[in-house]
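Please look over the sequence and the model below before reading on. The text after it goes through a few local features, one at a time.

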Amino acid sequence: MTLTEKPNIQQDLIPVMKTVSDPEIPVLTVLDLGVIREAIEENGIVHIKLTPTYSGCPAMDVIGDDLKKAFSEIGKKAEVELILSPAWSTDWISEEGLKKMEEYGIARPLSETADKDVLLGEKKMVKCPQCGSTNTHLVSQFGSTACKALFKCDDCQEPFDYFKCLK
Amino acid sequence: MKHLYNYILTIADNSLILAQRLGELCGHGPSLETDIALTNISLDLLGQTRSYYQYAAKISGEGKTEDDIAFLRIEREYKNCLLVEQPNTHFGYVIGRQFLFDVYHLMLMEKLQYSPDETLAAIAKKGIKEVSYHKRFSSDWVKRLGDGTEESNAKMQEAIDDLWRFTDELFFTTDAEKAKGKEGVGIDVSTFKEKYYEEVSEVLKEATLTVPENKYFTKGGKEGVHTEHMGYILADLQYMQRTYPNMTW
């Protein structure tokens, strides 16, 4: 991660933002997901810069509204701006977020090259979040949301989502 | 400013109309996985469209919103190419249309990401990640259908043969494209025309399909002269705003 990609978040705003989660993956907070690029309080107004995971991610509007609501509950006004650059990457999901994701039943993104191999169905590397086996296969390159692909475990037979690597 | 506005729409309208076409398949895809995939692609394209329209609305200086641009124009004001408005005749057409567009779309985004216009560059950079995934999906299916059964091969070939005449228009340059190209902000699409046909042909050959040789091409969409299908698309797309003006969700 280069320096420009490091988010600029004011420490005392973190507890409030921790209460806002991704509506599609409720175990992840917006901070775990790495979509908050800036959060600064100036003259009593909280300015937040939010970046979408995917261009058409419908969760973004909801997240923006949820952030405003969370701050209004503690009597603060928040303004949310959507920014596109630099483009979000799965590298920005925190380690804690990745762990929570796995516990929730979504396999974590692999490295870029490994991701390509598994999505082309060439290698078996995605770990089943239920039983831990890597004897899994790709069912569909597109899953329940834009950020996920659909997999199935050939050992425990459970279908599951895999969070696609995006870089 | 007018040229920039029109230039943004030249790119964005392709994404909007194709997204609308793919959206028609929601719940009607040939299998659950392809249904989800096609609507996922639709969503990506719609997201890109929103970013472009928000930018266009901002620079228009007329107090417009992204919704005005999407819903309140007449047919002649849409600048999408004819390819993307072609109907979902059968799955071969859906894939053929997607493939012929994706190859072009990715090449365009790869150039646009270096535009000195920061907003366009940011949208393109974000879009590349999505569009390369779309291209992977559509090329995969061209190969699977082409190199599949006799029937799937015939249907894929039929779609490619039929859609081929719309490919040349992708490289036709409108006044806005010429003006922005000259400034270095826009992309001169003719520069990757050869590369486009090379790449498309390569995939078609791998799919055991015949690369069409007909030299009859049709154009007009980019200048607002659309095929008969466009009116029906807009009737659907604009229905709510036309029936209940200024309604909000």
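Predicted model: local features only at pLDDT ≥ 70, side-chain atom pairs only at ≥ 80, totals over all residues.

Two packed helices are described by the angle between their axes and the distance between the axes. In chain B, helix α5 (residues 91-112) packs with helix α7 (residues 150-163) at an angle of about 50°, and the two axes are 8 Å apart.

From α5(B) come B:Gly92, B:Tyr93, B:Gly96, B:Arg97 and B:Leu100. From α7(B) come B:Lys155, B:Met156, B:Glu158, B:Ala159, B:Ile160 and B:Leu163. By type, the residues where α5(B) meets α7(B) divide into six nonpolar, two polar and three charged.

The next element is helix α8 of chain B, which spans residues 175-183. Which residues of this helix are buried? They are B:Ala176, B:Glu177 and B:Lys180. Viewed down the axis of α8(B), the buried residues fall within an arc of 95°, so they line one face of the helix. Among what covers these buried residues is α1 (2-23) of chain B. On the face of α8(B) turned away from the buried side are B:Asp175 and B:Lys182, which are exposed.

After α8(B) comes B:Gly184, and the phi of B:Gly184 is positive, near 85°.

Conventions. Residues numbered from 1 in each chain as written. Chains lettered and ligands numbered in written order. Axes fitted to C-alpha atoms, helices over the stretch in contact; angles between N-to-C directions. Helix = DSSP H or I, 4+ residues; strand = E, 2+ residues; numbered from the N terminus. Contact = placed C-beta atoms within 7 Å. Nonpolar A, V, L, I, M, F, W, Y, C, P; charged D, E, K, R; others polar. Buried ≥ 20, exposed ≤ 12 C-beta atoms within 10 Å, placed from the backbone. Arc of directions from axis to C-beta.
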